[in-house]
Amino acid sequence: MKYLLLGYTSAAAWDAGAADAPTEEALAAFAVYQRFERELLGTGELVSTEGLGHPAVSTTVRRTPDGVTLTDGPFAELKEVLASFAVIDVTGRERAMEIASRIVEVLGEPIEVRPVMGEDFTA
C-alpha cells in the first residue's frame, strides 16, 4: 500500500530570506535523513521524495466565478508550511507509521501520513 508522507516546518523558522542558507543543525539532520533514505531505497519501500521550494515563490491556482485565477504565494497566512513529501510503498499502515516516526525523530518536524488511493486503497 502506498502512503504520502507530508513534511511540515514552522513558517517562522523557514524565513524566505534564509531559504538558501541552511543551518549547521539542518545540514546534520539532512545527512541522517539521507542515510535513512538510502535504507528505504534498499528495501524498495521508498518510491520518491523531494524537498519543496519556499512558499514565497509558490502560486495558488483556483477556479472563481470569473474563471481560473493565479495568486502569488500560499492560500493563507500559515503557521506551518509544507516543506517536503515522500511516497512510500509498504505492507501497511503500521510500517508507514514506523517510517514516519523515524523521520520525525531525525528532522524534528511533524509528518502527515495519508494513504494514496489506488487498487489497494482501503482507508
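Which residues are buried in H2? In this predicted model, local features need pLDDT of at least 70 and side-chain atom pairs count only at pLDDT 80 or more, while totals for chains, interfaces and linings use all residues. Residues are numbered from 1 along each chain as its sequence is written, and side-chain values use heavy atoms, with hydrogens and water left out.

In helix H2, the buried residues are Arg95, Ala96, Ile99, Ala100 and Ile103, where buried means under 20% relative accessible area and exposed over 50%, with partly exposed in between (1.4 Å probe, protein chains only). These residues cover an arc of only 135° around the axis, which puts them on the same side of H2, the arc being that of the directions from the helix axis to the C-beta atoms. Exposed residues Arg93, Glu94 and Glu105 are carried on the face of H2 turned away from its buried side. The cover over the buried residues of H2 includes strand S1 (2–10), H1, strand S5 (80–89) and strand S6 (111–115); helices (H or I, at least four residues) and strands (E, at least two) are DSSP runs, numbered from the N terminus.

The axes of H1 (residues 24–43) and H2 (residues 93–107) come within 9 Å and cross at roughly 160°, axes being lines fitted to C-alpha atoms, for helices over the stretch in contact, with angles running from 0 to 180 degrees between N-to-C directions. In the contact of H1 with H2 (heavy atoms within 4.5 Å), Phe30, Tyr33 and Phe36 are among the H1 residues, and Ile99, Arg102 and Val106 among those of H2. Just after H2, Gly108 takes a positive phi of about 75°.
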